[in-house]
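Some terms used for protein structures rest on set cut-offs.

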Amino acid sequence: MHALAQAVAKEVIASGIRVNVVAPGPTGTGMAARTPEALRAGFADPRLRPYATPEEISEIALFLVSDAAANLVGAVPLANGGRFTA
Amino acid sequence: MTREDVRAGRFAGQVAMVTGAASGIGAAVAEELPGAGSIALDVADAAAVDGAFQEVLRRYGRLDVLVRAAGAGDPEAKRRIVDAVVEGRPVELTDSLDDASWRRVLRVNLDGTFHVLRAAVRVMRPAGAGAITVIGSSSAFDAPVGYPHARPPRRVCTRWPRPWPRRSSRPGSA
């Protein structure tokens, strides 16, 4: 999905359309609530940030479609609280 | 950018669409886009997606912003992963992942993203402007064990679209 969005991003920037992706880590949504507790517990390392909130991820999504992100094209920021880096 | 900026009208006057706005991240985004339209849409249904975007074009004359947030997980796969972890045995899922589960996740996550992007570009390109964010997943960077259908959308798409090989215009060359 990310590479699809990036391929489209490289094409359509020529038409003035910016496409970006945000890659959230564990986020407190209904999808996460349907994840069994034992799996969720594995993400809940007390040394790390807790699950992201939907609002925190939406902030990144909204930044990416705003004029402030004018130079971000095909970017895939990883928003996982530092659980791993890429 | 902060929520205060949004409320102060950063997106004021812009036409925005959010897919997957009923819950989760999509709902959080829709809440902050003043006047954003959100409709129930099966993103795996290409005709329905096209229809929805054309309706926005008909009603508002343009589309400035799209956030694509609809995504599908596989709770059954997660349950089997948990069972294996709890019982202290290796996760073994790939050999028994059925066609229906595979197709269901890929229909929404991969086909759905394609349908939405295509429909948005069709509306935005004539206007020469637009901004799109796709909500993906950190699992694209580090494959979770026992969740093979979550990662392939990225793998598959690194081969799509493949540009045609360049041909030299000089006769006799490869």
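This is a predicted model: local features need pLDDT of at least 70, side-chain atom pairs count only at pLDDT 80 or more; totals for chains, interfaces and linings use all residues.

Residues are numbered from 1 along each chain as its sequence is written, chains are lettered from A and ligands numbered from 1 in the order in which they are written, and side-chain values use heavy atoms, with hydrogens and water left out.

Q: Why are α1(A) and α5(B) called roughly parallel to each other?
A: Helix α1 (residues 2-12) of chain A packs with helix α5 (residues 99-124) of chain B at an angle of about 15°, the axes being 10 Å apart. Axes are lines fitted to C-alpha atoms, for helices over the stretch in contact, and angles run from 0 to 180 degrees between N-to-C directions. Angles under 35 degrees count as roughly parallel, over 145 as roughly antiparallel, 65 to 115 as roughly perpendicular and the rest as oblique. The pair α1(A) and α5(B) is therefore roughly parallel.

Q: Which residues of α1(A) meet α5(B)?
A: Leu4(A), Ala5(A), Val8(A) and Val12(A) meet residues of α5(B), including Phe114(B) and Leu117(B); contact means heavy atoms within 4.5 Å.

Q: What makes α4(A) oblique to α2(B)?
A: The axes of α4(A) and helix α2 (residues 24-32) of chain B come within 8 Å and cross at roughly 60°. That angle makes α4(A) oblique to α2(B). The contact is made by residues among them Ile57(A) and Ala61(A) of α4(A), and Ala28(B) and Val29(B) of α2(B).

Q: How do you know that β1(A) and β3(B) pair?
A: Two strands pair if DSSP finds at least two bridges between them. Strand β1 (residues 17-24) of chain A and strand β3 (residues 130-135) of chain B have six bridges, in the parallel sense. Val19(A) stands opposite Ile132(B) in β3(B).

Q: Why is one side of β2(A) and of β1(B) left without a neighbour in the sheet?
A: The open sheet has five strands in the order β2(A)-β1(A)-β3(B)-β2(B)-β1(B). Both β2 (78-79) of chain A and β1 (16-19) of chain B stand at the edges with a single partner strand each, so one side of each has no neighbour in the sheet.

Q: What share of chain B is buried?
A: Buried residues make up 42% of the 174 residues in chain B; buried means under 20% relative accessible area, exposed over 50%, partly exposed in between (1.4 Å probe, protein chains only).

Q: How many helices and strands does chain B have?
A: Chain B has six helices and three strands. Helices (H or I, at least four residues) and strands (E, at least two) are DSSP runs, numbered from the N terminus.
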